[in-house]
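Q: I would be grateful for a close look at one part of this structure, namely the aromatic rings and what surrounds them. Please set that part in the context of the chain.

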Amino acid sequence: MPMEAGIVGLPNVGKSTLFNALTAAGALAANYPFATIEPNVGIVEVPDPRLNTINQFITTEKIIPAALRLVDIAGLVAGASKGEGMGNKFLSHIREVDAIAHVVRCFEKAPGGEEVHHVAGSVDPLRDVDVIELELILADLETVETAIPKAERAARGKDRDAVVRLAVLNKLLPILAEGQPARKLTESPDFRLGSPDERAAVRGLGLMSAKRVLYIANVDESDVTGTDPLAQAVKQRAADESMECVPVCAKIESELADLDQNDRNEMLQDLGLEEPALDAVAHALYRLLGLQSFYTAGPKEIRAWTIKQGATAPQAAGAIHTDFERGFIRAETYSIADLTELKSEKAIREAGRLRIEGKEYTMRDADVVHFLFNV
């Protein structure tokens, strides 16, 4: 399934403008297997020039990039955890995403100088970040408080999973009650959820404040690289939390999305930008979640697959199909650098550069792989 990010933010921060620009710029072809578009959901391709590099040497019928599913969450306001604004409708949509993309307003006035109303009456990005984080924490606190009595009843029956779940809930409760996010527990240096069972219990709760956050600083057209103090404050907040931050001008991105590739590249160059927002957001999410890509290549398709850094060859095979992991025999792999140098898989094999890897092999970023399996 595609990597999924929920785009959140207060009203009037440019969240929907950015969502529309990203989904217009990276819309996937209809033959992509997950390309069903729902209201406020867009599935876009993860920009990856390495696919075209592979295609220079391997002829194929189609190229399928990795995908990013973007969910545009309704604007959040203070009190959402208690039903204010869109309330729980907002919160239910964010429980299943892999990461939160938090759009933060870092401009004073709209293009042209006109005022854009802020729900709090002034522009203060760190205050805005705190408002949304607190709502997620309060909603998670309610989830934990509700779950504890049920887990206590199940634990009395010696249900092993329930015993683990109750222990995790009791560790989470004081942290959330103090107004701290759940990731203070799950990502703390003295990590207190050490066992796989405890980690699984946290994932099963769908806690929003346990998720990793990409801060998107929505900047003014005159500050596309985010050097203004407002954007720098958000960048520092991200660094302090070991999260990611990218500056984006949603207004410019909406203009870029309407251009063809050549005009888009020219406009980026004129603005001094190395890449459009979709590329920057996708790359930041990969870093944030510790992801990397590997590739399968043949006459029918060249395709990018997303896996966790440190994944073994069988786990990578499982990203394609569970049968591949279950019946894994070996992986035949080479690098894109090998392909660029030697020009074909045949030449790679003849040069002795095709590596035969077993179950213990740790995948490298940009591996090109053929999996052998038997079920």
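A: The protein chain has 15 helices and 12 strands. The model is a predicted one, and its pLDDT averages 89 over the protein chain, with 87% of the residues scoring at least 70. Residues 29-37 need caution: their pLDDT is below 50, although this stretch has 17 contacts in the model beyond near neighbours in sequence.

Some figures for the chain give the setting. Of the 375 residues in the protein chain, 49% are buried. Among contacts with a separation of 6 or more, 70% join residues 24 or more positions apart. The chain exposes about 18000 Å², and carbon and sulfur atoms supply 50% of this area.

We may now turn to the rings. A pair of aromatic rings is described by the distance of the centres and the angle of the planes. Two rings are counted as a pair if their centres lie within 6.5 Å, and by this rule there are 4 aromatic pairs. One of them joins F294 and F371: the ring centres are 5.9 Å apart and the planes stand at 85°, so this pair is edge-to-face. The cut-off behind that step is that planes over 60 degrees apart count as edge-to-face. F294 belongs to strand β8 (residues 291-297) and F371 to strand β12 (residues 367-373), so the pair ties together parts that lie 77 residues apart in sequence.

Are these two residues buried or exposed? A residue counts as buried when its relative accessible area is under 20%. F294 has a relative accessibility of 0% and therefore counts as buried; F371, at 13%, also counts as buried.

F294, W305, F328 and F371 together form one aromatic cluster. A charged group is found at W305: the charged end of R303 sits over the ring of W305, 4.2 Å from the ring centre.

Leaving aside residues up to four places away in sequence, V369 touches F294, Y295, T296, A331, E332, T333 and M363. One of the residues in that list, F294, is a member of the aromatic cluster. Another is T333, which is 36 residues from V369 along the chain, yet the C-alpha atoms of the two are separated by 4.4 Å.

In the loop between β11 (355-357) and β12 lies A366. Its phi is near 75°, a positive value in a residue other than glycine. Most residues other than glycine have a negative phi. A366 counts as buried because its relative accessibility is 12%.

Helix α12 (residues 313-320) meets several of these strands. Its buried residues are A313, P314, A316 and A317. Seen down the axis of α12, they fall within an arc of 160°, so they line one face of the helix. These buried residues pack against β8, β9 (301-308), α13 (322-326), β10 (328-335) and β12. Two of the elements in that list, β8 and β12, hold F294 and F371 respectively.

In α7 (residues 196-205) the buried residues are E198, A201, V202 and L205. They fall within an arc of 95° when seen down the helix axis, so they line one face of α7. On the other side of α7, P196, R203 and G204 are exposed. The cover over its buried residues includes α4, α5 and α6 (183-186). Just after the helix, G206 takes a positive phi of about 65°.

K158 is found in the loop between α4 (125-156) and α5 (160-177), and has a positive phi of about 65° although it is not a glycine. At 71% relative accessibility, K158 counts as exposed, whereas A366 counts as buried. A74 is found in the loop between β4 (67-72) and α3 (88-94), and counts as partly exposed because its relative accessibility is 23%. From C-alpha to C-alpha, A74 and V8 are 7.4 Å apart in space, while 66 residues separate them in sequence.

Methods
Residues are numbered from 1 along each chain as its sequence is written. This is a predicted model: local features need pLDDT of at least 70, side-chain atom pairs count only at pLDDT 80 or more; totals for chains, interfaces and linings use all residues. Side-chain values use heavy atoms; hydrogens and water are left out. Rings of Phe, Tyr and Trp (its six-membered ring) pair if their centres lie within 6.5 Å; planes under 30 degrees apart count as stacked, over 60 as edge-to-face and the rest as tilted. Helices (H or I, at least four residues) and strands (E, at least two) are DSSP runs, numbered from the N terminus. Buried means under 20% relative accessible area, exposed over 50%, partly exposed in between (1.4 Å probe, protein chains only). A charge sits over a ring if NZ of Lys or CZ of Arg is within 6 Å of the ring centre and within 35 degrees of the ring normal. Contact means heavy atoms within 4.5 Å. Accessible areas come from the Shrake-Rupley method with a 1.4 Å probe; for residues, only the protein chains shown count as cover. The arc is that of the directions from the helix axis to the C-beta atoms. pLDDT is the predictor's confidence in each residue, from 0 to 100.
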